[in-house]
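I set out here what I looked up in this structure, entry by entry.

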Amino acid sequence: MKIYNTKNVSEYDVIVLGGGASGLFLGASLNLNGKAGLIIEASPILGKKILASGGGRCNFTHAGSIKDFIHCYHSLSSKAESFVRSPLYKFNNLKTRNFFESIGVLSYSQDDGRIFPSSNKSISVRNALIKKCELNSWTFSLNTRIVKIENNKNNNYSWLLKSDDGGYFATKNLVISAGSPAWKYDDYSNQIFDDLKNLGVKIVNPLPALTPINIKSFNLKSLSGISFENASLSLINSDTKKSIYKNSGDILITETGFSGPLALNSSWFINKLKSEYFLKQECKDFELIIELTEDSFLHEFDFHGVNLSLSNAIKFYSSLPERYIRFICGDFSDQKASSVPLKKIHTIINNMYKASYSSSLINNSSFENAMSALGGVSLEEINNKTFQCKSLKGLYVIGEALDISGDSGGYNFQFMWSSAMSASLCLAQDFARILIRD
Ligand SMILES: Cc1cc2nc3c(=O)[nH]c(=O)nc-3n(C[C@H](O)[C@H](O)[C@H](O)COP(=O)(O)OP(=O)(O)OC[C@H]3O[C@@H](n4cnc5c(N)ncnc54)[C@H](O)[C@@H]3O)c2cc1C
């Protein structure tokens, strides 16, 4: 048993480790009613990622049926769908909007279903959460980085945390909301994963998710800024020629490759295939194919009867942007369509609707520009009704510290709120039980 000098230890009924989205939401949804609760945050700023989210506007959930949310989550350790069902149904997107409204954050839905605060400012979401935490009697310890977590089962305050300034915090209930290494500039969560691993909790090596797809010597660089609606992205195993992944959505050409919802949402799978950790188990090499919605009759069109340049003729019958058409037509762009061999025209049209890149051309993604991460605490370790660790009493894990990542569109925040609410309800019940027993 570890002995510590109680004079240097501050004791709490509950400590939330990480003052980001999920930690703040737990505080905002749990009135302490006389219990002592502390939110510990390594940086001087609470809710940094909330502030940066949605281009500063915070896309905090998505519209539509919660049934459709279930398929928007991914995990490396387990079936994400069965894990997220309970928390999402318990605290769905409608309840989320109502909750935020109750703390003064009105919201609106965009045509694409993304929901933002009416202020269009993420700071309004962050500040409302902090204010509600304070109303619920939580205290904060900022600039406090936890460097060690110990579990002393024989002590009433069974969780002991050591901070980087040598201080100690003891608590009966510890909620890990320390996030992931995504968007890495001052990441501390890896430290927490190491400590949890030492306590016997299974950790899956984190991988970047919601990253752009960067291509070496990108051929479409000069078309940066052009986007396409409803494109499709597939991955083909180069050995078996079988399709191993397919997704669709809007895509954006950047200076270094592809971004936009389709690229971001597919990146976790590509990052998994490219990662050393997975030893390329699923396939050694693959091909990335991006296809645009075809203007179907273009293939059948008789260009020889047209008295226009090739690019103008294609433009006439295609919904694609002119800059893009001219680029793909290349040297043939200003040539009379009737003078270009039909075989060449068909090759150009094929290239216009379909681009492919071998896996060796795809750069490995880093956490630096990832908006989320897969990996972290394995889902097998966690009860998805309470978010308690199955093997360690009084330990909860919520948010992105778990091996789960959602698609772009507000799905990540929704999981932050839903997982925090499940843990919060469990803690509230626990506190009420203790009150009755005492
Ligand atoms: C640029 C950007 C834009 C995004 N936009 C959206 C969006 O619009 N919609 C959406 O749904 N999702 C969005 N996301 C994803 C979303 O922000 C995250 O999923 C979410 O913030 C994760 O919440 P969390 O509480 O699990 O972790 P975080 O918000 O990362 O919070 C974890 C906190 O724990 C602290 N911490 C970690 N280790 C320690 C330690 N050892 N000691 C003390 N403190 C520690 C960290 O400093 C951090 O503040 C975006 C992400 C990024 C990076």
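How far does a backbone N or O atom of Asn 59 lie from a nitrogen atom of the ligand? I worked from a predicted model, and I read the distance there as 2.9 Å. I then looked up how much of the ligand the protein covers: taken alone, the ligand exposes 1,000 Å², and the protein buries 94% of that.

**Entry: ligand surroundings**

I found 31 residues surrounding the ligand. The closest are Ser 22, Glu 41, Asn 59, Glu 400 and Phe 413. For Ser 22, I noted a polar side-chain atom 2.7 Å from an oxygen atom of the ligand. For Ala 42, I noted a backbone N or O atom 3.0 Å from a nitrogen atom of the ligand.

I next asked which helices supply at least two residues each to the shell. They include helix 1 (21-29), helix 2 (48-52), helix 6 (189-198) and helix 11 (411-437). Helix 11 gives the most, with four residues.

**Entry: Ser 424**

I looked up Ser 424, which is found in helix 11. Is Ser 424 buried or exposed? Its relative accessibility is 1%, so I count Ser 424 as buried, the cut-off being under 20%. The side chain of Ser 424 makes a polar contact with the side chain of Ser 29, at 3.1 Å. Leaving aside residues up to four places away in sequence, I recorded that Ser 424 touches Leu 26, Ser 29 and Leu 30.

**Entry: helix 6**

I listed the buried residues of helix 6 as Ser 189, Ile 192, Phe 193, Asp 195 and Leu 196. Seen down the helix axis, these residues fall within an arc of 165°, so they line one face of helix 6. I recalled that an α-helix has 3.6 residues a turn, so residues three or four places apart point the same way. The elements that the buried residues of helix 6 pack against include strand 1 (9-17), strand 8 (146-151) and strand 10 (168-176). Just after helix 6, I noted that Gly 200 takes a positive phi of about 95°.

**Entry: helix 10**

I checked the length of helix 10 (residues 342-353). At 1.5 Å a residue, its twelve residues should span 16 Å, and the end C-alpha atoms are 17 Å apart, which agrees. Ile 345, Ile 348, Ile 349, Met 352 and Tyr 353 are buried in helix 10. They cover an arc of only 125° around the axis, which puts them on the same side of helix 10. Their cover includes strand 16 (286-291), helix 8 (310-317), helix 9 (322-329) and strand 17 (354-358).

Technical notes
Residues are numbered from 1 along each chain as its sequence is written. This is a predicted model: local features need pLDDT of at least 70, side-chain atom pairs count only at pLDDT 80 or more; totals for chains, interfaces and linings use all residues. Side-chain values use heavy atoms; hydrogens and water are left out. The expected span of a helix is 1.5 Å times one less than its number of residues. Buried means under 20% relative accessible area, exposed over 50%, partly exposed in between (1.4 Å probe, protein chains only). The arc is that of the directions from the helix axis to the C-beta atoms. Contact means heavy atoms within 4.5 Å. A residue is near a molecule or strand if one of its heavy atoms lies within 4 Å of it. A polar contact is a pair of N or O atoms within 3.5 Å; within protein, one must be able to donate a hydrogen and the other to accept it, and residues adjacent in sequence count only if both atoms are side-chain atoms. Accessible areas come from the Shrake-Rupley method with a 1.4 Å probe; for residues, only the protein chains shown count as cover.
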